Amino acid sequence: MRDWDEAPSRQWRWPRLRVRPALKVLAFGLALGVWQGSAVRLTQLMRPHPGHWAPAFIWEMTSALAVTLLLPVLMTAVLNAPSPRVGWTRFLGIHAAAFLLFTSLHVAVMAGLRHVVYALLGLGEYDLGPPVYALPMEAQKDLVTYGLACAVIALLYEWRERQARALRSAELEGELRAAQLQSLTGQLHPHFLFNALHTIGSVMYEDLPRTDRLLSDLGQLLRASLERTDPTWTLAEERGHTERFVALLAARFGDRLEVRWDVAPGLESQRVPCFALQTLVENAVKHNQDRVGALEVRIRARAEADRWALEVEDTGRGFEAPSPASGPGVGLTQLGRVLTLLHGDLARLERGAGPEGGARVTVWLPRMEARS
């Protein structure tokens, strides 16, 4: 669906048509044709020689039917034309081309239907009139029809988008609660807490400053998981949170774990889903926890045009190899769902392989203006 507050995508979009709503619109068009035909017939009856009753209804019903059949042209124009505030040239260009196509097809379909119906009813040959007069006359009427129909279609699309936003907001609230719950039960679950406390206990008699730092890191991880209400925060905040998480992992795994950061300048203020990096780093460590040699986890952030990528790559076994970790990979699945709720088609999560054969997860996000 269209976000009316953002700049339009250059990718051409097409309306989605469904049978039941299309039949309802068609029935409405025919009913409107009958109504207009009755008005024309009443006007004819006011004259001394009103003539045959059928042409009035044929004219209006075929016109209404042709307009109904051509509504996808108008819907396509509305979907792809930006708001005039965004770009007048593209707005006028798309609607001018769509109107010319609409009025040409409308006259052709309408005249063709009238020829067929006139022949079936034995009314003789239908005559549209001299094209030099008939076509401009039809184009003037079509301009009013086109403008009103596009306005109604635009309002309907905006109403549907508002409803979709409200639904996404409600779904996102539930998803964020689930994400926070998972952060405690899935990532900071009792097993992780046991390992973290055991690690802290093992160094507390040897290195009190380090013990104090690890306890502080653990406390801040728990606090962020419990108190965070905004679905996103900056990459800088996410990095700080993940570094505390990595510090606890490093205290457990020692030299077997190495984390490298490569963040392009200017991306620290971009917003990411809360705990996204923590999920990706923990996923890399969890699926290589039985590794004897060193595991390197590389975290990158890079920009590309109007989007940017957050990438976590490891030198472990990769997605295809059997993993010692149990479970269906809920963390990545839930992160993908949160991305969809936050950004729709503008964000996605990709899984692949790194150059050493390990796992690589890339999260593509739209670039946003920094919040004040």
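The structure holds seven aromatic pairs. One of them joins W53 and F57. Elsewhere, F99, F102 and Y146 form one aromatic cluster. Keep in mind that this is a predicted model.

R307 lies over the face of W364, at 3.8 Å from the ring centre. The charged end of R351 sits over the ring of F319, and here the distance to the centre is 5.9 Å.

Now turn to the helices. UniProt, in an unreviewed entry, places the feature "transmembrane region" at residues 21-37, 57-79 and 91-113. What does the model show for residues 57-79? The span is 96% helix and 0% strand, and its end C-alpha atoms lie 33 Å apart. Residues 91-113 are 100% helix and 0% strand. The end C-alpha atoms of that span are 32 Å apart.

Helix α3 covers residues 71-80. Is this helix enclosed or open? Nine of its 10 residues are buried, so α3 is largely enclosed by the rest of the structure. The buried residues in α3 are L71, V73, L74, M75, T76, A77, V78, L79 and N80.

Next come the charged side chains. Side chains of opposite charge can pair when their charged atoms come close. The model has 17 salt bridges.

K141 and E138 meet through their side chains in a salt bridge, with 3.9 Å from N to O. That distance qualifies because the cut-off is within 4 Å. Why can these two residues meet? An α-helix has 3.6 residues a turn, so residues three or four places apart point the same way. K141 and E138 are three residues apart in helix α5 (residues 131-187), so about one helical turn separates them. The two partners differ in their surroundings. K141 has 47% relative accessibility and counts as partly exposed. E138 is buried, at 5%.

Other salt bridges run between strands. R260 pairs with E296, and their closest N and O atoms are 3.2 Å apart. This pair links distant parts of the chain. R260 is in strand β2 (residues 257-263), E296 is in strand β4 (residues 295-304), and 36 residues separate them. R260 is partly exposed, with a relative accessible area of 43%. E296 has 18%, so E296 counts as buried, since buried means under 20%.

Strand β4 also supplies R298. Which residue does R298 pair with? The partner is E313, and the closest N and O atoms are 2.7 Å apart. E313 lies in strand β5 (residues 307-314), so the pair ties together parts that are 15 residues apart in sequence. Both partners are buried: R298 has a relative accessible area of 15%, and E313 has 0%.

Technical notes
Residues are numbered from 1 along each chain as its sequence is written. This is a predicted model: local features need pLDDT of at least 70, side-chain atom pairs count only at pLDDT 80 or more; totals for chains, interfaces and linings use all residues. Side-chain values use heavy atoms; hydrogens and water are left out. Helices (H or I, at least four residues) and strands (E, at least two) are DSSP runs, numbered from the N terminus. Buried means under 20% relative accessible area, exposed over 50%, partly exposed in between (1.4 Å probe, protein chains only). UniProt positions are given in the numbering used here, feature names are shortened, and annotations may be inferred rather than shown by experiment. Rings of Phe, Tyr and Trp (its six-membered ring) pair if their centres lie within 6.5 Å; planes under 30 degrees apart count as stacked, over 60 as edge-to-face and the rest as tilted. A charge sits over a ring if NZ of Lys or CZ of Arg is within 6 Å of the ring centre and within 35 degrees of the ring normal.
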